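Good morning, colleagues. Please bring up the structure on the screen, and I shall take the chains and their interfaces in turn.

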Amino acid sequence: MKKIIMYLNQFFGQIGGEEKADYQPTIHEEMIGPALAMAPLIKDGRITHTIICGDDYMNLHPEEALEKIGEYLDGLEFDLLIAGPAFLAGRYGVNCGRVCKYVQERFNVPAITCMNEENPGVDIYRKDIYILKGGDNAARMRNDMPAMARFANKLLNGEPILWADEEGYIKRGIRQTVILDKEQTAANRAYDMMLKKLRGEPFESELQIKMEERVAIAAPIKDASKARVAFISTGGIVPADNPDRIPSASSTRFGRYDISGMDRLEPGEWISVHGGYGKTHANANPNVIAPFDALKTLVKEGKIGYLHPYFYSTTGNHTNQREAARMAGEILEFLREDGIDTVILGST
Amino acid sequence: MKLEIGNFYVKDIIFGLKTGYKNGILTVNKKEAIDALNPEGKLTNVDLHVARPGEKVRILPIKAVVEARARLDGRVTFPGFTGATAACGEGVLYALKNMSVMAVGKYGGRPEGMVDMSGPAAELTHYADIINLAFTAENVDPTENRGDITKTNLNYRIGAHLLAEYLGKTVLTQEPEAWERYELSDVSEKKLPRVVLITQHATSSRNPGEYNDMFYGVDARYLVPTLIHPNEMLDGCMCSSSVMPACSHNCTYSYQNYPMIKKLYSGHGKDIDFVGVIINCSFEETVEKKERAAIRVATIAKMLGCDAAIFSQLAGGHCDVELFTTIIKLEEAGSKTVGMCSENPGRDGATQSKTMLDARADAIVSTGSNAQAIELPPMDTVIGDLNSIGRDRYPGAWEYDYILGPSLRPDGSLIVDRRIILDNDGAPGWSNKTCKDF
Amino acid sequence: MMVKEIEKSGMPIVHMVSMTPVALSIGSNRIVKSYGVSAPMCDPEAPEEVQFKQRYDLLVKALKALCTDISQQTVF
């Protein structure tokens, strides 16, 4: 018989409404509120405890709240944690996500929740946990509960978890192969899709492409001869011994190399580790990827006001959006410290 | 232009005194077959093996796969490649179905591949569904006897095509068991939508030597998109390369049986008016040449009055730029386009699966991801050299990985990724795989 | 991808890249078309002095792009 813990906010935990949003976490060896409705839907498992925490308390004191919850769970035997459902309640949704992620990481036990796709908790936690697609208000509880139970039963039973649309959870940004029936060859599917497209009938592309987010155009710099410039490269140029172990693809780190004392990058001292292009030219003359010889000359001639003394380098192929954002943030901190106005980024 | 293919459905292959075909059994005289595939003695230690679906057999490194066929009129099966240049696409061709001829060596790497006839890898490739007559051999000239370079494998490739022809000739005196007939009959009065298929060919090698796909026996590297008759493809005008990672390797067998061509033919005169095939290079270094290729494809489609197009992509990476820019230009020229392609979302599935994306490509059929790792059990028999894994530079196998350990374990089991499985992508239309969001 | 993340912060950035369709597609705003993939800053077959001048001129173009006010994605 598997054991489940439920997490609820102060309202669903029947402590009180907004006035009790600062309620500190407690654990109860009983089923409270939605747990009572969930219990009969679980096969071969029972909900042993309910944890309740006020949405404001968790939101404003997340470390303390999670630590307390961690203490409660320490020593308890449990196979799954279910949080919510949170519908469109923003604080509740974020807190459910937070608790699930914490429990998964600390106790290595699956933790699931449910909320509406528009809930802010989704964007923050979708990649870390399973979030079942939920309704937009508490009246939808009677749809959300069976959905959560069905999925929970699969997890508890060790059944393979299928893709997001099939199981009803929110896409986590992972694409994997699925093998279809033998007759569903690509040729057959392409032919059928083509006919639908020709006839104006609805069809679904197997690779959904969102329009790329457009970023506001930054204002131009006024005068390059007065500008403080930095150069970043995604061409994978690193010192010959690759001290930061920059990988040939899917990079999650960048190197930061002092180029203040040199007039150019010397072949032999720098190599390319990029897996996406032929490296002969780059290794023979690293300046063809990271043109520091020309950059230094431009500084000497006064055409660039100031060149940042560090070279930021990574490999750009197959980078993950999340990692790219994180690396950019870290690099920007260094650049701001040095009063840099503008960046030149060289790709391949 | 009418092409008739007379089929013989092979049920088993055995070795015997005389090469012949009777009641579904193909008997092969080993010595004659070896002489046929190795006329100039450029290969040594040649032997033949049979691998059947369901057997616990692993075959690697595979360098070429060809379907055994011969022409009734005496023309060579692969004009320009195995003999004199001649037209393709018309006449009578006899084919041994449910089997292939495979060239297997000792040294692997890119583009060599692996096929498991049973186990988890079997459902990833259509080659596990047929009986494979594999010859193993080594090069006499040691230049390519190594696992750290991309090899032309020319002797293996020619050998596989010659053996395919030798076996095909065996049935020329018999009556085929069934026929496939291909003719682009005039259906213009039915006013059906006109459809063109665009195929992409392995032409990325600029090294001296014959690495790339061969079109009528000539390296296809500088091909500008060219309109051909689908029968030409089915009748041996295109012979395969030694360039792509195994998962994306379209062997000659794929060209001879191009599923997307056969599917479009099946709808000709009913749903569509299939007008032709545009063959396209896979790789152009400069943006200008990529632009030119996309413009040519769209212009040809417009000249043919196409209402729709299907783009069968070869592989990812550079090819993604071709895929998207061509789709955009085709749509602008009035052809509703469907793209058919594999994806590489990285081993964890979380990376963008194409190097370029454009939302104007709104109709994509995915043939699955080639990046996922897969654990494979040891096999009772290995045709080829199991030690090529870990030793040689296969995309998809490694000597040691921090998380997964060595690809080849002491007990013969493997942990590899799908790039090493021959035709895992199934781009010509074979693949019954897709990618879903998890 | 890093280009957009940096520009989000308000810092002007120019993307020097050979495959301009990719850069346009992912949303870089100021794009300078570079040489080839394996040597984007110059033509590696040209004599060394010519190569240096190519790198120099390409960077001058990049600086000009940074100084130019644009209203949509632009390839310089």
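Predicted model: local features only at pLDDT ≥ 70, side-chain atom pairs only at ≥ 80, totals over all residues.

Chain C has a secondary structure of three helices and three strands. Read from the N terminus, its elements follow the order α-β-α-β-α-β. The C-alpha trace of chain C spans about 40 × 25 × 15 Å along its principal axes. Chain C has 76 residues, and 62% of them count as buried. As for contacts within chain C between residues at least 6 apart in sequence, 41% of them join residues at least 24 apart.

Let me now turn to the interface of chain A with chain C. Here 54 residues of chain A are in contact with 49 residues of chain C. The two chains bury about 4,200 Å² between them, and carbon and sulfur atoms account for 68% of that area. On the side of chain A, the three residues that supply more than any other three are A:Val215, A:Ile217 and A:Leu345, with 15% of the area that chain A buries against chain C.

What polar features accompany this? The count between chain A and chain C is 15 residue pairs in polar contact, both residues being at pLDDT 80 or more. Salt bridges between these chains number one. It is formed by C:Arg55 and A:Asp293, whose closest N and O atoms are 2.6 Å apart. Several elements of chain A give two or more residues to the side that touches chain C: S8, helix H9 (280-284), helix H10 (292-300), helix H11 (321-337) and S14. Of these, H11(A) gives the most, with nine residues. By class, that side of chain A has 30 nonpolar, 14 polar and ten charged residues.

Why is S14(A) described as largely enclosed by the rest of the structure? The reason is that five of its five residues are buried. Burial applies to both faces: A:Thr342, A:Ile344 and A:Gly346 are buried on one side, and A:Val343 and A:Leu345 on the other.

The strand also has partners in two chains. Within chain A, strand S8 (residues 228-233) is joined to S14(A) by five bridges, and the two run parallel. In that pairing, A:Val229 stands opposite A:Thr342.

I come next to the interface of chain B with chain A. The contact involves 57 residues from chain B and 43 residues from chain A. The area buried between these chains is about 4,400 Å², with 59% of it given by carbon and sulfur atoms. In chain B, the residues that lose the most area to chain A are B:Asn432, B:Asp437 and B:Phe438, together 20% of what that side buries.

For this interface, the rule finds seven salt bridges, and 30 residue pairs are in polar contact, both residues being at pLDDT 80 or more. The elements giving two or more residues to the side of chain B that touches chain A include helix H5 (259-267), helix H7 (318-332), strand S20 (336-343) and strand S25 (433-437) of chain B. The most is given by S21(B), with six residues. The residues on this side of chain B divide into 24 nonpolar, 16 polar and 17 charged.

Strand pairing occurs here as well. Strand S7 of chain A, residues 175-179, is joined to S25(B) by five bridges, and these strands run antiparallel.

Let me close on A:Arg175 and the residues around it. In S25(B), A:Arg175 has B:Asp437 as its bridge partner. A:Arg175 also forms a salt bridge with B:Glu343, with the closest N and O atoms 2.6 Å apart.

Which side chain makes a polar contact with the side chain of B:Glu343? That of B:Ser353 does, at 2.7 Å. B:Ser353 lies in the loop between S20 and S21 of chain B. Its relative accessible area is 8%, under the 20% cut-off, and therefore B:Ser353 counts as buried. Leaving aside residues up to four places away in sequence, B:Ser353 touches A:Arg175 and A:Leu207 in chain A, and B:Glu343, B:Asn344 and B:Pro345 in chain B.

Methods:
Residues numbered from 1 in each chain as written. Chains lettered and ligands numbered in written order. Heavy atoms only, no water. Contact = heavy atoms within 4.5 Å. Buried area = accessible area lost by both parts, 1.4 Å probe. Salt bridge = Lys/Arg side-chain N within 4 Å of Asp/Glu carboxyl O. Polar contact = N/O pair within 3.5 Å; in protein donor to acceptor, adjacent residues only side chain to side chain. Helix = DSSP H or I, 4+ residues; strand = E, 2+ residues; numbered from the N terminus. Nonpolar A, V, L, I, M, F, W, Y, C, P; charged D, E, K, R; others polar. Pairing = 2+ DSSP bridges. Buried < 20%, exposed > 50% of the residue type's maximum accessible area, 1.4 Å probe, protein only.
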